[in-house]
Amino acid sequence: MEHLEFRFRQCASVDSAETILLAFQNYILMLGTSVMIPSFLVPAMGGNPGDKARVIQTLLFVAGINTLLQALFGTRLPAVVGGSFAYVIPVAYIINDSSLQRINDPHERFIHTMRAIQGALIVASSIQIVLGYSQVWGLFSRFFSPLGMAPVVGLVGLGLIQRGFPTLGNCVEIGIPMLLLVIGLSLYLRHVRPFRDIPIFERFPVLICVTIIWIYSVILTASGAYRHRPSQTQHNCRTDRANLITTAPWFMFPYPLQWGPPTFSVGHSFAMMSAVLVSMVESTGAYKAASRLAIATPPPAYVLSRGIGWQGIGILLDGLYGTGTGSTVSVENVGLLGLTRVGSRRVVQISAGFMIFFATLGKFGAVFASIPFPIFAALYCVLFGLVGAVGLSFLQFTNMNSMRNLIITGLTLFLGISVPQFFNEFWTSSHHGPVHTNAGWFNAFLNTIFSSPATVGLIVAVILDNTLEVEKSKKDRGMPWWVKFRTFRGDNRNEEFYTLPFNLNRFFPPT
């Protein structure tokens with residue numbers, strides 16, 4: 001731990017130019033998810049390319065606001081908040097609602113579907129708002145231990161394997177060079193300093209690699225390399241297939257209720273609550289990983305609850321603006337903290353400014369959003385793996401010579417990967433989840449919960465770790481190290497990392 005802390009502190013002081021470049025790097029990285037989700041959902045809703053471009057801009061705009069709120073008033077960790085894939089199943093349930101499918105005009109169906117999603121997000125956001133600001137989630141965190149959180153945080157990264165090499169494999173001529181270049185620059189050449197005393201390969205691997213491979217993919221597209229290839233290959237490899245640049249407006253300022261007044265349904269809201277719970281679990285794991293990579297103390301229960309409360313506010317904003325999905329902490333951006341060895345709150349705040357700025361200047365943002373998905377998938381292979389390893393690093397505070405600990409860790413990891421894999425494969429083959437009753441909201445609720453590796457892992461880890469020889473295993477579970485971080489006053493460093501700005505702690509004292 002001391003060696004890790006030394007390396008991060010050596011790179012902690014960056015000048016303003018480097019800060020801006022690091023912030024832009026965070027912005028580029030989070031574009032992958034921000035484009036992928038609308039590209040999948042908007043056509044299913046009946047939307048046209050213009051609608052997709054508008055949803056992407058709205059998602060980026062709200063992500064910028066949510067990131068600023070989280071960095072200023074939430075956990076205050078250098079974490080980016082963006083769109084989440086956890087909401088895909090409840091959104092798909094709403095899209096397939098018979099009352100919406102009866103609308104013949106595709107654009108009209110898109111508008112009504114978006115309003116239904118907005119209403120469900122607005123209602124479901126109350127779950128995180130209540131659990132966060134009432135401190136209930138913080139109280140529940142007393143059941144966490146280093147042993148239980150290690151596989152859960154690990155699954156936050158390792159559970160996203162489908163977004164790694166399977167997506168990269170859709171265009172290997174772009175994805176493989178990108179993966180090799182990222183590994184080469186960030187690991188083998190990170191000590192090389194061609195300009196002044198700045199380790200550019202260590203600090204800016206994403207910017208450098210994306211620029212090189214993006215130019216390479218533009219050359220392949222322009223030279224006609226994909227002219228007679230299957231449509232799926234062209235969609236994944238070409239830089240001009242997304243139609244984002246042509247359909248995006250020059251200027252668009254997203255505003256609340258831009259799609260019209262939300263519509264509310266009990267079934268839709270209950271289905272969406274499952275995704276809100278999943279995003280809460282995944283964000284908790286991501287906060288733990290971010291704190292470790294930023295060399296901060298694990299967020300105390302009070303700070304964790306505060307962060308979840310503000311994330312609930314973020315989901316409420318998603319519903320009001322109409323992003324088509326809810327929010328969670330961006331796992332890839334957490335991994336970037338480790339890859340660049342810079343955990344700076346200011347970098348994240350400036351990156352939020354980039355999100356807001358380029359969301360309003362549609363054409364400019366669309367240029368960056370046209371980067372082929374396999375380029376992002378190559379980055380995910382490295383970054384998700386890094387987050388997974390950070391989670392497993394919590395095991396150093398436990399006794400892994402204990403058979404009890406080995407069984408809990410192994411079972412949590414295995415079930416956390418295999419159960420969601422079963423649910424996802426069932427969905428792919430049958431176009432519905434294993435839970436398939438007459439109550440659609442009930443199906444969406446359970447299928448969402450058990451399709452999340454981190455959520456399945458948390459359920460297994462918390463139950464086993466708190467029912468098997470609890471009192472006799474406190475030291476083996478790592479509780480002597482962990483317990484001092486439960487309360488805000490438990491460690492002197494908490495004040496440095498988590499105190500609210502503008503002297504707000506006077507009005508909202510830690511509890």
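Student: Which residues does Tyr27 touch, leaving out those up to four places away in sequence?
Tutor: Tyr27 touches Leu60, Ser351, Phe354, Met355, Phe358, Gly365 and Phe368. Contact here means heavy atoms within 4.5 Å. Keep in mind that this is a predicted model: local features need pLDDT of at least 70 and side-chain atom pairs count only at pLDDT 80 or more, while totals for chains, interfaces and linings use all residues. Residues are numbered from 1 along each chain as its sequence is written, and side-chain values use heavy atoms, with hydrogens and water left out.

Student: Which residues touch the most other members of the largest nonpolar core?
Tutor: Tyr27 again, along with Ile28 and Met178, in a core of 112 residues. A nonpolar core is a set of buried Ala, Val, Leu, Ile, Met, Phe, Trp, Tyr and Cys residues joined through side-chain atoms within 4.5 Å. Buried means under 20% relative accessible area, exposed is over 50%, and partly exposed is in between (1.4 Å probe, protein chains only).

Student: Which element gives the most to this core?
Tutor: H20 does, with twelve residues. Helices (H or I, at least four residues) and strands (E, at least two) are DSSP runs, numbered from the N terminus. Apart from that core lies another one of 29 residues, including Met45, Phe110, Ala124 and Trp259.

Student: Ok, aromatics next. How many aromatic pairs does the structure hold?
Tutor: There are 31. Rings of Phe, Tyr and Trp (its six-membered ring) pair if their centres lie within 6.5 Å; planes under 30 degrees apart count as stacked, over 60 as edge-to-face and the rest as tilted. Take Tyr380 and Phe384: their ring centres are 4.9 Å apart and the planes are at 20°, so this pair is stacked.

Student: Where do Tyr380 and Phe384 lie?
Tutor: Both are in helix H20 (residues 373–392), four residues apart, about one turn of the helix. In general, an α-helix has 3.6 residues a turn, so residues three or four places apart point the same way.

Student: What sits over the ring of Tyr380?
Tutor: The charged end of Arg163, 5.1 Å from the ring centre. For a charge to sit over a ring, NZ of Lys or CZ of Arg must be within 6 Å of the ring centre and within 35 degrees of the ring normal. Arg292 does this with Phe394, its charged end 5.6 Å from the centre of that ring.

Student: Which residues form an aromatic cluster with Tyr27?
Tutor: Phe24, Trp214, Phe354, Phe357, Phe358 and Phe368 are in one cluster with Tyr27.

Student: Switching to cysteines. Which ones form a disulfide?
Tutor: Cys171 and Cys237, with their sulfur atoms 2.0 Å apart. A disulfide is a pair of cysteine sulfur atoms within 2.5 Å, and the count by this rule is one. The pair links distant parts of the chain, 66 residues apart: Cys171 is in the loop between helix H9 (165–168) and helix H10 (172–188), and Cys237 is in helix H13 (residues 231–237).

Student: Why is it called right-handed?
Tutor: Because the torsion about the S-S bond of Cys171 and Cys237 is about 130°. Cys171 is buried, at 1% relative accessible area, and Cys237 is buried at 0%.

Student: Last one: why is helix H4 described as largely enclosed?
Tutor: Because seven of the eight residues of H4 (residues 88–95) are buried. Those are Val88, Ile89, Pro90, Val91, Ala92, Ile94 and Ile95.

Student: Which helices do the buried residues of H4 pack against?
Tutor: They pack against helix H2 (16–45), helix H5 (98–101), helix H6 (106–133), helix H15 (266–293), helix H21 (403–430) and helix H22 (440–449).
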